[in-house]
Every structure is written in C-alpha cells, then in structure tokens.
Amino acid sequence: MKAIIKKGPFPGAELIDTQIPQIGPEDVLVKIKVTSICGTDLHIYDWNEWAQNRIKPPIVFGHEFCGEIIETGKKVNNLVKGDFVSAETHIICGKCYQCKHGQGEICSNVRIIGVDIPGCFAEYIAVPASCLWKNDKKLNPEYASVQEPFGNSVHALFADDKAIEGKTIAIFGCGPTGLFATAIAKASGAKEIIVSDVNSYRMKIAKKSGADYSFNPKEVDVVAKVKDLTGGVGVDIVLEMSGNAQAFQSAVKSCRRGGRVTMFGLFNRRIDVDFNDDLIFSGRKLVGITGRKIWSTWEKTAELLKSKKLNINPIITHRFKLEEFEKGMALMQKGECGKVILKP
Ligand SMILES: [Zn+2]
Ligand SMILES: [Zn+2]
C-alpha cells in the first residue's frame, strides 16, 4: 500500500510502498477513505522540538481519518466488516484512575495514533476496535474525517457542559479548531462571536463561519474592541486556541469577571499569569482541555454535523491526493488554508 512515512530524525516525509498492516485479535483493519492534515502532522513533518522529543521514526504518521472496516480481529464483537468509522485518536488504557472515573480524555497512559502507533496517511490502518466511532453511513466522508479536531472545538466550547445559547464568545486563534469552534458557537445560538488572529486568510473564513467581528491584534487593541462591544463587561466565554503568549494575555482580559477561559492552544514556553487580578479577584475560571470526552463529545459532534444550522464547508479549503501531501504541508506552513484533505 501507499503510505507517508517519517523516515528519520530530520524535516520532511516520504511516500513509500509498504505492507498492509497486520491486525491483532482486538484490532480492525480500515481502508482509508479520507484523511486530513492536523497541526501535529505539520510539527512531525517540520521536525520541530516537540516532534524531536516525542516521535520515534520511522513511523507512518497522520491521525484524522474515516474509512470502511474490511477485517476485524477475533475478539472484536462491536463492529463488523463494512462499518463506516472514524477514530478517537487517543488510545486510552482503561485502567488508570481517570479512565475508571469516566475521564478517559486525560488518561495517564494515553497513546496517540500517528504519534505512538502507525497512523493513517496510508491506504489502510490497523487500530484497536475500542477507539473507533461508528459513523452514520450518510455522513459526508470529509466531515467524518475532521471529527477529531472538530471534537476538540466541541470540548473547548462546552468545557463545563453548560449551554452556550445567548452567550458572548471570543476566540483567539483561527486555525481549524478555532474556525470549527466559531461555526459550532454560531450553530449553538451564541449571541455574539468575536475572533482574533493575525492571519487575514483565516479571519475571512471565520467571518463565513459565523463570526460577527474579527480583529487583527497587529492593527487594533483587541481587548478594547471586546470591551466596547460588550458594554465594558467582557465576554462570557473565551477560547484560547492560538498558543501565543500575547494572545493569552488578551484572552484573559477579554473575559468578563466570573467568565470562563478555555485553554487549548499549546505554548512553546512558560507564560506569565497574573493570578491576583486575572483569576482570584475577578473570579474567572481557567480551564485546560485536551482531546475529546469519550464518547459524549462524539455524540455531540454527530448531532451538530447533522444539524442544518452548522456550516463547516468554508473551513475545508483544500483537497489533494495522498501522494500530493507536500502541497498540503506547504499551504499549512504558510497558513493559507483551513482544513486540508488528503485522499488515498
Ligand atoms: Zn488532529
Ligand atoms: Zn487510562
């Protein structure tokens, strides 16, 4: 089969011809229909510091996909050949304290598809049946592939399980997860959605996805704009999806007293937090989230993707053949794309 492999500890990746993976008794073999490129894949491709510390090449990478089951292991009894599936990319242990208490998304022993085990930038993938989500057969395969990052956005937005109808929202960072969060907030009845990014290409997509206002921090004082739009109060919910230290400072200051700041973007260094003013005296909540709740986020995702109110078409901007992956990586390096789809 065709596959994209990270061959060694250096930038780039290679298209190779390799064996179709073997499955164990608890695994299934999936024929990939659609796969999509994640920021994590770009880190692996670019071979940044995180990748250098985490990835052990050679490995086939990629983790966002959908496809059809073509073979099931002997012990698999919840899925059958022909099922249309996507994967919860976090393979959880099921044994640690969190897993036993319904918090698998923060499993102590998590392994990740395309990071710790071979990924989906290939024609076939072998995965444990326990991490598969069965899709509605009518679901658009491109939507089915992006459910993993879409689920990050769902989890970020509904972090404390409260309804967001009528709430004011600010989103810092308009990468695909920020963009999906914008579309989800719109579909879920948010009162006002304000987005901020330095990338004008992506801010245009945010406007098409439901943002009421978009501000470039290089051009305007974003906190002042947010305060202006909310009668000096600040917004109810802020999503920090950028991983930029300066954006974090603006994110906290844009949140009203008593509001919630969800932290999703990863920072490449330690950052300053003014605990006294930004948290203690202002009663704000800072919530760190990772992954998706298993499986409630997926249920919510399925419900949203069925809803006529949601429109993520402006966010899926490019489609390439698997062998053209370098074109997709180049677009992502420039930030001139939303979600990039690859088709084996
Ligand atoms: Zn991803
Ligand atoms: Zn666990």
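In strand β12, I193 is the bridge partner of I169. The model is predicted; local features need pLDDT of at least 70, side-chain atom pairs count only at pLDDT 80 or more, and totals for chains, interfaces and linings use all residues. Residues are numbered from 1 along each chain as its sequence is written, while chains are lettered from A and ligands numbered from 1 in the order in which they are written. Strands (E, at least two residues) and helices (H or I, at least four) are DSSP runs, numbered from the N terminus.

I169 belongs to β11, and β11 and β12 (residues 192-196) pair in the parallel sense over five bridges. Two strands pair if DSSP finds at least two bridges between them. From β11 the chain passes through helix α6 (residues 176-187) to β12, a right-handed β-α-β crossover. Right-handed means that the path from the first strand over the helix to the second runs clockwise, with the strands pointing away from the viewer. Strand β14 (residues 235-240) also pairs with β11 in the parallel sense, over four bridges. Here F172 has E240 as its bridge partner.

Five of the five residues of β11 (residues 168-172) are buried, so the strand is largely enclosed by the rest of the structure. A residue is buried if 20 or more other C-beta atoms lie within 10 Å of its own, exposed if 12 or fewer, and partly exposed in between; C-beta atoms are placed from the backbone. T168, A170 and F172 cover one side, and I169 and I171 the other.

I171 is among the residues with the most contacts inside the largest nonpolar core, which has 93 residues. Such a core is a set of buried Ala, Val, Leu, Ile, Met, Phe, Trp, Tyr and Cys residues joined through C-beta atoms within 7 Å. Domain 1 (2-146 + 312-343) and domain 2 (153-288) both give residues to this core, so it lies between them. The domain bounds come from an automatic or database domain assignment. The C-alpha centres of the two domains lie 28 Å apart. Eight residues from domain 1 and eleven residues from domain 2 make the contact, for which C-beta atoms, placed from the backbone, must lie within 7 Å.

A further sheet is open and has three strands, in the order β2-β1-β4, with antiparallel pairing. β2 and β4 stand at the edges with a single partner strand each, so one side of each is left without a neighbour in the sheet.

Terms used
Contact = placed C-beta atoms within 7 Å.
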